[in-house]
Amino acid sequence: MLTSLQNNLVKQIRKLHSTKERHKQGLFLLEGTHLLEEACAVNYPLEVVCCTPQWQANHSRLWEDACSRCDRAEVVSEEVLQAIATTVQPDGVVATAKRGEQQSQVPFTGVVLAFETIQDPGNLGTIIRTAAAAGASGLWLSQDSVDLDNPKVLRASAGQWFRLATAVSEDLKATVQACQQAGMQVIATLPTAKLTYWEVDWTKPSLILLGNEGAGLSPDLAAMADQQVKIPLSPGVESLNVAIAAALMLYEAQRQVLDNS
């Protein structure tokens, strides 16, 4: 059992709390039983799995499953687990996995989301969870956004991170053009738009453009949209949280599809 905080593996995993180190090592953190279960359910390749003796005793089947998918498995003390986890009260297991393995082919069908310079990991994780729940086809993210594999993104996604097609776009304008060329309508959300979001025909393949939490969507991207829509707000309310805005449009799209099926 690993008990020393000076152990090289422990030091290496602790470094993954930093964005810079996750990029340098090409690894990210998976924390908690639920995320490990989801990773195993989709056969996601793991590097290292660490758990406490108590967790191992309570989750023997999951431990065996995870061990069969990883390069190294270690039982560690409670103190070590506390040190390698980013959460205040970890539930007993932390794993590492290779970055970039989750990126998949985002289809040009159904409803797809595209986000420009989104910064809050909690927002992105919530959006991923909501998009999966509402039946979205996938999600694009601009390169200057928060990392898809930020630990807070994974936790906020409640495991749906593994199930939604996601990809980082090197050039979001080019991605938007590719979607248009494939026959998708591009919908931008702007407070000055004349149409409300429920006046759109969401039964068509659609790409929803959403911008930064503070600055919103850049004029260049907004100008590329086939339609611009607003979400009506009561007087005195400037804007909605980006995750809530995405949820409203995703569920309106789902409602229209169900009504027409």
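Trainee: Which residues does T86 touch, leaving out those up to four places away in sequence?
Mentor: T86 touches H17, L29, E31, P151 and R155. Keep in mind that this is a predicted model.

Trainee: Where does T86 sit?
Mentor: In the loop between α6 (78–84) and β4.

Trainee: How far is T86 from H34?
Mentor: C-alpha to C-alpha, T86 and H34 are 16 Å apart in space, and they are 52 residues apart in sequence.

Trainee: Back to E31 and R155. What do those two form?
Mentor: A salt bridge, with the closest N and O atoms 3.6 Å apart. It links distant parts of the chain, since E31 is in strand β1 and R155 is in helix α8 (residues 151–156), 124 residues apart.

Trainee: Which of the two is covered up?
Mentor: E31 has a relative accessible area of 8%, so it is buried. R155 counts as partly exposed because its relative accessibility is 32%.

Trainee: How many salt bridges does a search of the whole structure find?
Mentor: The search finds 10. One of them joins R72 and E74, with the closest N and O atoms 2.9 Å apart. R72 is partly exposed, at 35% relative accessibility.

Trainee: What about D220, which side chain does it meet?
Mentor: D220 meets K173 in a salt bridge, 3.1 Å from N to O. D220 lies in helix α10 (residues 219–223) and K173 in helix α9 (residues 172–181), so the pair ties together parts that are 47 residues apart in sequence. Both ends are partly exposed: D220 has a relative accessible area of 48%, and K173 has 37%.

Trainee: What does β4 pair with?
Mentor: Strand β1 (residues 27–31) pairs with β4 in the antiparallel sense over five bridges, and L30 stands opposite A95 there. Strand β2 (residues 46–51) also runs antiparallel to β4, joined to it by five bridges. In that pairing L46 stands opposite A97.

Trainee: Now the inside. Which residues have the most contacts within the largest nonpolar core?
Mentor: L30, L36, L113 and F115, in a core of 53 residues. Helix α11 (residues 242–259) gives the largest share of this core, seven residues.

Trainee: What does F115 touch?
Mentor: Setting aside residues up to four places away in sequence, its contacts include I127, L139, W140, L141, L172, L210, V242 and A246, as well as S142 and S145. There is also a second, separate core of 21 residues, which includes V112, L172, L207 and A222.

Trainee: And outside, which residues form a nonpolar patch on the surface?
Mentor: L233, V237, L240, I244 and L248, with about 370 Å² of accessible area together. L248 lies in helix α11.

Trainee: How exposed is L248?
Mentor: Partly exposed, because its relative accessible area is 32%.

Definitions and conventions. Residues numbered from 1 in each chain as written. Predicted model: local features only at pLDDT ≥ 70, side-chain atom pairs only at ≥ 80, totals over all residues. Heavy atoms only, no water. Pairing = 2+ DSSP bridges. Helix = DSSP H or I, 4+ residues; strand = E, 2+ residues; numbered from the N terminus. Core = buried A, V, L, I, M, F, W, Y, C linked by side-chain atoms within 4.5 Å. Buried < 20%, exposed > 50% of the residue type's maximum accessible area, 1.4 Å probe, protein only. Contact = heavy atoms within 4.5 Å. Patch = residues over 30% accessible without salt bridge, like charges linked within 9 Å, V, L, I, M, F, W, Y side chains within 5 Å. Areas by Shrake-Rupley, 256 points an atom, 1.4 Å probe, with all protein chains shown as cover. Salt bridge = Lys/Arg side-chain N within 4 Å of Asp/Glu carboxyl O.
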